[in-house]
Amino acid sequence: MAIDEKTLDAILNEYPAKVKRNRKKHIIIRDSAVEHQEIEANTRTIPGIMTNRGCAFAGCKGVVLGPLKDMVHIVHGPIGCAYYSWLTRRNKAKSEDPTQNFLHYCVSTDMQESDIVFGGEKKLARMIDEVVEILGPKAITISATCPVGLIGDDIQQVAKEARKKHGVNITAYNCEGYKGVSQSAGHHIANNGLMENIIGEGDMEDPPIRYTINILGEYNIGGDSWEVERVLKEIGYQVQAVMTGNGSYEDLKNAHVAQLNLVQCHRSINYIASMLETKYGTPWLKVNFIGIKATIESLRNMALYFGDEELINKTEEVITRELEEIEPLLEPYRKICAGKTTFCFVGGSRGHHYQGLYGELGISTVLAGYEFAHRDDYEGREVIPNIKPDADSKNIPDLHVSPDESRYRLKIPQERMEELKTKIPLSYYSGMNVTMAEGSIIVDDLNHYETEEFIKILKPDIFSSGIKDKYIPHKMGIPCKQLHNYDYSGPYAGFRGSVNFARDICMSFTTPAWNFMVPPWKDKPLLEGTVAQCNGAACTVNQAR
Amino acid sequence: MLDCTPKEIKARSGGVINPAKTCQPIGAMYAALGIHSCMPHSHGSQGCCSYHRMHLTRHFRDPVVATTSSFTEGASVFGGVSNLKTSIKNVFEVYNPDVMAVHTTCLSETIGDDLPSIIKSTEIPEGKLVIHANTPSYQGSHITGFSNMTKGMVNYLSTATTEVKKEQVNIIPGFVNPGDMREIKRMMQLMGIKYIMFPDTSGVVDSPITGQYTMFGRGGTRVEDIRDTGNSKLTLALGGYASGDPAIQLERKCKVPAVAIKTPLGVKATDEFLLALRQAFAAEVPYELEEERGQLVDIMVDTHYHFHGKKVAIFGDPDILIALTEFVLSLGMQPLYVLTGTPAGTIGGPVGTFEKEVKSMLEQAGVDGKVKAAGDLFELHQWIKNGPVDLLMGNTYGKYIARAEDIPFVRVGFPILDRSVQPYLPIVGYKGAMRLLEMISNALLDRADRDAADEDFELVM
């Protein structure tokens, strides 16, 4: 069953009036007849409405900084924030020097009441000293949690002094949880810090090879980045830095040498992508390595950007070979998936990216949305100039960079750049909405109540979201695929990843466990038998088993 | 694995590395889930609520609902009054619980939001309740948070209404799994004593699949029962750290005598639990329980050579640790290291003697071990590097140390994120002790099998 405006209104009518007015703007029914469908996004969550959103700290330390493996990430605050962001995101990393891989460590200043009252700067400085002495990293980040900003600890100053004292790259991030309206604020804060203090710190001047690229907004969940890099390497690319899955301080500081920046997750990293273009003249290309068609298109666009025949040919050769490998493997899964429907609600890019892969398996997306995206992730980057800053977004400083005097280089001639822009998404993202089917539902910051209601009406065959809502559809008898952490599986990116994904969702469709949900006696009467004619007082019941 | 951890131990004072505790609010959220038809509410940034729900959901693999005041920078500067008022209105209108249990966070505590007056000045729908607990993340640990929210239940709900106390006992189970709560209730039924367990998360975070989702399931302690705790003749606080404070508050408020005993884990602590009940209610311990005890001791005797003399390191929450140390000692094992992240003196708590209590147990058994409160796993790992053990017991985070040092590992406590089923099955009572014993033996014997040369590989062990 589809949802029309009337049904939607009925759902929203259950809300208090103010909530209804607010939520109505965050939900649209896709209608391509309307020239431009606007959606509200990146605005305050309503208190008391059960959101899936997290905070700025989660976006900064948890998402962007956390995966950088050779840095120690100190969390300045009471214990919780460090604890919950410790090893919970599946950003995998491998290190040639295991004594410089700190991802298994959780470092917190564990602020106590006295630190809140008298300030925690001294404790933080001691923690930095101890980390340098005991763990010996080349770089350290400091992330602030809520009380730090409130009590006025100057973590930037502590970092500056420690940097001087130890001769180690130490940077601080004021990503207190109350900043902005979601994780998104934290992405921006982390982007600014990395750009300002790390990228460009290295002394490489030239790329090692012509096809040197960075991958931005790829966090190597379940090993996604490794699967993508396998294919890129075969074609002939060299990846300088991945931001930030399996990423490192060592690679990041020379990220300026890349000739092209790929942007996988637009929301979390577009700031760095834009700044790299301004500062070093490196264009960025919106890619999508989730799904077969999207992967192929991304690879072809990359080849077109460099424009060399040999690279174009090699790209086609690898695509053909990869397809030959995976197509027969996908066939049995397609049979299981055909005609099914899904909800696709994830963070900032997967809500869009996975729709293609689902589609290739025969599953159509009837509802999609993002947890913390902005309007441009829905409507395309052309709306950016029209987004009015509000009190919350104004609190996140924009970092303004200018062309680097010695390192700014046009990677391709201006004319060719303009021509390419008409063919491939260079420095552009079209957003999710245009790719969605007529009548499908687009929801920003989908909450618990709406999840339940939409499931009841649309009855999807599978629900894709995260851990907080995973077990709710399960109780309703609907499988749920976590697309934040892949239910501890993966990789799902690239060619081989699509087979893993197909295998895993088919497992969820076909696991025999669903058959036992209803006890066999539930639809059977307690007594079975025939009732004989009643003759006077004697009445017999012939019980059968 | 953990290759950056050096063997040499240096004194640290800048905080913790690899914590063995987390913050108060998650404990408060868990306790609040133990009230029937209750919405836990986190008064702070929405990240707190998100993190707590994630972690609880991962451990229980069941929906964990909770709402948040979703602070912005403005609220952090001007106070979260309107955020909480809006939340209360929305939660009752949209989700319709019977109770909303609000806990604070480090954010709302630092700015000093006055919850009682905000709640008092808010219109609450008829028949509905809002209770609260102060749970600043910069004091104590998740165990303190559990204790504080349970105390909040007493503050708001427990009432003495009868002249004479009723022949019933209040049981505060501590921060344990619903499987443990069910086992304690089973023992109570066998003892034939009327009881009120609060909080009680069984039926809330271990709910069955039915094809229908209901936000507030059958489980949780009913409000009228929590009210009635003020009329009971005794409160048994199982584990002083998580349960002692609310029991004492109940004694103060309603004159219900409080007795704090160990979490009934292992043969001795379970004996103590039953003895306390037997004495207070003149109820004989039934044959069923005596039989279970006898079976447990039978196994302990029959297989003592599987575990006797083995060195073990244990970490986790203080109440579980105290009882678990006692249990492994009764197995003849040697707990060389016992470490909790929770500080020894919980704020306002009745007990602050973790190290002393555990050390005296070790001394009595002649074991020369290290005991630490407010410790971290980085230090525990360094201890193990300096003096190896045969077995590690603790929550999931221990698996990294176990792998780094190649030692068998038994998962016990909170959280367990990488194995399933455990929240459903008990570690308390004689049955729970049997289960623990099986886990300990299996871990040690699997290792012996793995390491045995072909000629030493045994069929019968």
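A salt bridge here is a side-chain nitrogen of Lys or Arg within 4 Å of a carboxyl oxygen of Asp or Glu, and in this predicted model the rule finds three of them across the interface of chain B and chain A.

Begin by selecting A:E133 together with B:K10, which form a salt bridge whose closest N and O atoms are 3.1 Å apart. Widening the selection to polar contacts between chain B and chain A gives a count of 30 residue pairs, both residues at pLDDT 80 or more.

Next, colour the side of chain B that touches chain A by class, where there are 32 nonpolar, 32 polar and 11 charged residues. Then select every residue in contact across the two chains, which brings up 75 residues of chain B and 76 residues of chain A. Between them the chains bury about 6,700 Å², with 64% of this area on carbon and sulfur atoms. Highlight B:C4, B:Y51 and B:Y138, because these supply 11% of the area that chain B buries against chain A, more than any other three residues.

Now move to β1(B), which pairs in the antiparallel sense, over two bridges, with strand β3 (residues 107-108) of chain A; here B:V16 is the bridge partner of A:S108.

Finally, go to B:T263, in the loop of chain B between β9 (258-261) and α11 (267-281). Is this residue buried or exposed? B:T263 counts as buried, because its relative accessibility is 2%. Beyond its neighbours within four places in sequence, B:T263 is in contact with several residues, including B:V176, B:L238, B:D319 and B:V428.

Conventions
Residues numbered from 1 in each chain as written. Chains lettered and ligands numbered in written order. Predicted model: local features only at pLDDT ≥ 70, side-chain atom pairs only at ≥ 80, totals over all residues. Heavy atoms only, no water. Helix = DSSP H or I, 4+ residues; strand = E, 2+ residues; numbered from the N terminus. Buried < 20%, exposed > 50% of the residue type's maximum accessible area, 1.4 Å probe, protein only. Contact = heavy atoms within 4.5 Å. Buried area = accessible area lost by both parts, 1.4 Å probe. Polar contact = N/O pair within 3.5 Å; in protein donor to acceptor, adjacent residues only side chain to side chain. Nonpolar A, V, L, I, M, F, W, Y, C, P; charged D, E, K, R; others polar. Pairing = 2+ DSSP bridges.
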